[in-house]
Amino acid sequence: MSTTLEVVQSILAALGDSTIPIESLTSTAIALSLQCIANANDTDKTHRRDTAGIDSFFWALWDGVYKLAEEGDDGVQERLVTFLKGAKASEAGEQWVVRDVKGGWNTLPLLGDVAKDIWNGPNIPPTVSDTSQIVQDILAGDAPKSSSAPDLFAVVKARQGYLNLQRFAARLWHDVHVDFPRVLALDIVHLGLEIGEGARELDLDIGMTPRALEVEAAAIWMTIAADDMLRLVNNDAEGTSRWAGWKAAFRSVVENSEVQREAVVLAAKVFAFTVLVGVVVESFLRF
């Protein structure tokens with residue numbers, strides 16, 4: 001009999017294989033999860049009331065899904081989103097108890113918990129210093145020189161992976177309709193659009209990612225989930241001023257080149273700015 005980890009690895013391998021129809025894979029993954037959890041050791045649980053095997057299966061699955069999203073292209077992310085939408089529509093496992101809360105596949109158990117565990121900024125190699133100017137410049141969008149050390153090219157991969165995760169989390173919120181990404185969205189937009197360089201230099205809690213990268217990340221959230229962001233701030237007493245501030249921050253970047261990086265980074269800001277003033281213009285009229 002296969003172990004839970006082996007079953008999960010087979011599901012992840014299939015998710016990364018574009019030749020396998022995602023609909024049949026979703027059904028297979030759900031069936032395999034039922035078998036794993038039915039056969040789990042009774043001690044395999046976090047809380048006494050939990051259904052045994054839930055943590056082991058879903059933590060390994062979602063950890064792998066996030067890695068695929070971080071490393072994959074748009075096609076991989078589309079498969080992952082389709083898989084999650086199909087899984088969320090399933091009634092399988094509704095009797096399960098996860099962290100003392102009842103819910104099956106339709107709750108996508110522990111998806112948010114795993115996200116919080118891995119959401120630690122760009123995955124920079126431990127052999128380089130994230131405070132060095134060259135690493136900061138690469139994270140902000142500069143290309144390393146051809147003669148650069150291999151580790152610096154790994155920083156390029158870390159930067160892209162970070163942006164890929166922003167894109168995936170925004171799609172989880174907008175397309176899969178899970179709620180936890182809204183907190184991530186506000187954090188990213190706060191870092192990119194609401195905190196100036198001076199404040200970043202004085203506040204060690206902000207982290208070491210350059211503002212240019214956070215502005216680009218904020219642009220991704222806005223291009224995918226601008227309407228979700230608008231609904232979110234509509235429920236905030238300061239929503240009107242925050243929304244106006246975000247627009248002003250994008251305008252400053254686009255018009256004044258406040259974040260001095262190559263055209264591809266600025267293009268993301270222009271795109272996001274276009275979405276802000278175009279796609280949701282009817283919503284803006286309410287302010």
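Buried residues make up 47% of the 287 residues in this protein chain, and the model you're looking at is a predicted one. The chain has 13 helices and 2 strands.

**The chain as a whole**

- Take the contacts between residues with a separation of 6 or more: 65% of them join residues 24 or more positions apart.

**Helix α1**

- Helix α1 covers residues 4-15, which makes 12 residues.
- From its first C-alpha to its last, α1 reaches 17 Å, close to the 16 Å expected at 1.5 Å a residue.
- Which residues of α1 are buried? They are V7, V8, I11, L12, A14 and L15.
- What do the buried residues of α1 pack against? Their partners are α2 (22-38), α3 and α4 (74-88).

**Aromatic rings**

- To describe a pair of aromatic rings, you give the distance of the centres and the angle of the planes.
- Counting rings whose centres lie within 6.5 Å, the structure comes to 10 aromatic pairs.
- One of these is F57 with W105: their ring centres are 6.4 Å apart and their planes stand at 75°, so the pair is edge-to-face (over 60 degrees counts as that).
- Where do these two sit? F57 is in helix α3 (residues 54-71), while W105 is in the loop between β2 (101-102) and α5 (111-118). The pair links distant parts of the chain, 48 residues apart.
- F57 has a relative accessible area of 0%, so it's buried. W105 is at 0% relative accessibility too, and therefore counts as buried.
- W105 also forms an edge-to-face pair with W62, with 6.1 Å from centre to centre and 85° between the planes.
- W62 lies in helix α3 and W105 in the loop between β2 and α5, so this pair ties together parts that are 43 residues apart in sequence.
- Buried or exposed? For W62 and W105, the answer is buried for both.
- Step back and you can pick out a cluster: ring pairs link F57, F58, W62, F83, W96 and W105.

Conventions: Residues numbered from 1 in each chain as written. Predicted model: local features only at pLDDT ≥ 70, side-chain atom pairs only at ≥ 80, totals over all residues. Heavy atoms only, no water. Phe/Tyr/Trp six-rings, centres within 6.5 Å; stacked < 30°, edge-to-face > 60°. Helix = DSSP H or I, 4+ residues; strand = E, 2+ residues; numbered from the N terminus. Buried < 20%, exposed > 50% of the residue type's maximum accessible area, 1.4 Å probe, protein only. Expected span 1.5 Å × (residues − 1). Contact = heavy atoms within 4.5 Å.
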